Amino acid sequence: MAVEQRLRFDTLFAERTRAGAGEGLIAILALAGAKDVISFAGGFPDPQTFPGPAVADILRELVEDGDASPFQYAPTQGLAGPLDFVAGRLERLEGRRPEEAELLLTSGAVEALELAGKALVDRGDCVLVEAPTYLGAVMAFQSFEARVMGVPLDGEGLIVDDLERHLAGGLRPKLLYTIPDHQNPAGVSLSHERRLALVEIARHHGLLLVEDVAYRELSFAEERPPSLWALAPDVVLQVGTFSKTFFPGVRLGWAVGPAELVAKLVWAKQNTDQCAAALGQRLLEEYGRRGLLDEGVARARALYGSRCDAMLAALDRDVGPAATWTRPSGGFFTWLELPAGTDAVELAGRALEAGVAVVPGPPFFSAEGGERHVRLSFSRVSEEEIDDGILRLGALLT
Ligand SMILES: Cc1ncc(COP(=O)(O)O)c(C=O)c1O
């Protein structure tokens with residue numbers, strides 16, 4: 001009898017699993033679920049924005065209608081009705097209706113990023129992201145062994161001049177991933193002027209822009225600058241999600257961009273989940289066509305807008321000069337910069353002991369950075385909790 005070998009998984013795991021960015025996200029999700037703390041940690045929508053009975057009614061109607069399509073496999077690109085609904089919505093909101101071959105429905109924005117990685121990134125390819133950026137995107141690109149490099153942000157979003165310097169210096173990234181509206185984690189938005197400059201640079205250097213519009217509809221103001229996709233559909237892949245406007249449990253998003261690229265994403269999707277859930281697609285379509293999505297978005301904007309105001313007022317009152325922070329015009333987050341000598345990870349630990357969960361900055365950077373930054377989310381806390389939590393945080397800082 002041969003001697004039994006102990007199965008050692010660490011020797012089996014593929015190289016692409018070793019990038020190690022995942023722990024940060026897992027820690028954030030764990031913090032977000034912690035009990036008995038005021039959580040400014042996860043970027044979760046408030047359950048009071050979820051649709052509830054309207055979805056139950058639609059589901060019953062779908063069952064009674066006898067149409068099998070919500071319960072059947074769907075075409076990889078999406079069902080015709082939901083695709084038409086999303087294309088119409090893009091036309092209304094962005095001023096451009098995608099051609100049929102330019103739009104794909106995905107299982108959330110994260111899947112769209114994963115598909116972009118799969119379709120575009122070879123081992124060692126350079127992918128540019130904002131520094132800081134959404135950790136899920138870094139993980140998606142790193143899982144294809146991309147070399148992820150950060151381009152810094154300021155109060156007007158991505159510093160486009162820095163990007164141009166890199167490109168002029170000979171850097172040839174496969175793509176630039178950017179969150180132009182109410183950025184995660186920094187809460188800043190790309191100015192109109194920089195949007196124009198960015199698409200010009202992209203066209204000049206033949207650079208693909210991947211624009212994540214996760215928070216775009218959750219703007220607190222009426223006016224908003226055009227999306228990058230609306231400005232330059234020839235060089236932009238826009239990735240969007242219904243997680244913040246419908247509900248995350250439905251796992252539904254979209255990718256819209258040049259037909260040649262979308263065809264490759266459809267190819268990539270064929271051996272992930274093959275199609276986004278047909279039931280979710282039909283629920284979204286019916287909900288949206290009845291005007292309920294727009295009504296829900298309006299309510300969500302008002303809710304998050306007043307929470308943001310409450311958080312900024314509490315920061316002004318109880319943190320004051322001990323730190324600085326961004327003043328978001330939409331979305332879920334503000335980004336604190338702590339005084340020199342303060343360690344954000346250590347502060348997050350002390351905050352947790354004081355009953356407040358925050359996310360320290362380092363996981364939002366693909367390399368060094370964030371040691372003096374903290375992300376605060378105001379999306380799933382009441383105004384009373386905001387006042388109480390910021391008072392406790394302020395006591396640790398002042
Ligand atoms: C910038 C950004 N993109 C994408 C997502 C995830 O979207 P989805 O739930 O559709 O995968 C998030 C969620 O936190 C996000 O902050």
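Hi everyone, let's start with arginine 251, which has a relative accessible area of 38% and so counts as partly exposed. By that I mean between 20% and 50%, with buried under 20% and exposed over 50%, using a 1.4 Å probe and protein chains only. This is a predicted model, so local features need pLDDT of at least 70 and side-chain atom pairs pLDDT 80 or more, while totals for chains, interfaces and linings use all residues. Residues are numbered from 1 along each chain as its sequence is written, and side-chain values use heavy atoms, without hydrogens and water.

Back to arginine 251: its phi is positive, about 45°, although it is not a glycine. Arginine 251 sits in the loop between strand 8 and strand 9 (253–256). Helices here are DSSP runs of H or I with at least four residues, strands are runs of E with at least two, and both are numbered from the N terminus. Glutamate 145 also has a positive phi without being a glycine, at about 65°. You'll find glutamate 145 in the loop between helix 6 and strand 4, partly exposed at 23%. Why point these out? Most residues other than glycine have a negative phi, and most peptide bonds are trans.

Now please look at helix 8, residues 192–205. Its buried residues are Arg194, Arg195, Leu198, Val199, Ile201 and Ala202. They span an arc of only 155° around the axis, so they lie on the same side of helix 8; the arc is taken from the directions from the helix axis to the C-beta atoms. On the face turned away from that buried side are the exposed residues Glu193, Glu200 and His204. The buried residues pack against several elements, including helix 7 (160–168) and strand 7 (208–212), where contact means heavy atoms within 4.5 Å. Just after helix 8 comes glycine 206, with a positive phi of about 65°.

Next stop, methionine 311, in helix 12 (residues 292–318). Is methionine 311 buried or exposed? Methionine 311 is buried, at 0%. Beyond its neighbours within four places in sequence, its contacts include Phe40, Leu376, Phe378 and Ile386. The C-alpha atoms of methionine 311 and isoleucine 386 are 6.0 Å apart, although 75 residues separate the two along the chain.

On a 1 Å grid over the protein atoms alone, a pocket is an open set of points with protein on both sides within 12 Å along at least five of seven lines, and lining residues have an atom within 4 Å of a point. The largest pocket has a volume of about 680 Å³, counted as the space filled by probe spheres set on points joined across faces, edges and corners. It is lined by 30 residues, and the closest to its centre are Gly43, Val110, Tyr134, Lys244 and our opening residue, Arg251. Helix 6 gives the most to this pocket's lining, with 4 residues.

There is also 1 cavity of 30 Å³ or more, a cavity being a set of points where a 1.4 Å probe fits but cannot get out. The largest cavity holds about 140 Å³ of space, and helix 4 gives the most to its lining, with 5 residues.

Note on methods: Expected span 1.5 Å × (residues − 1).
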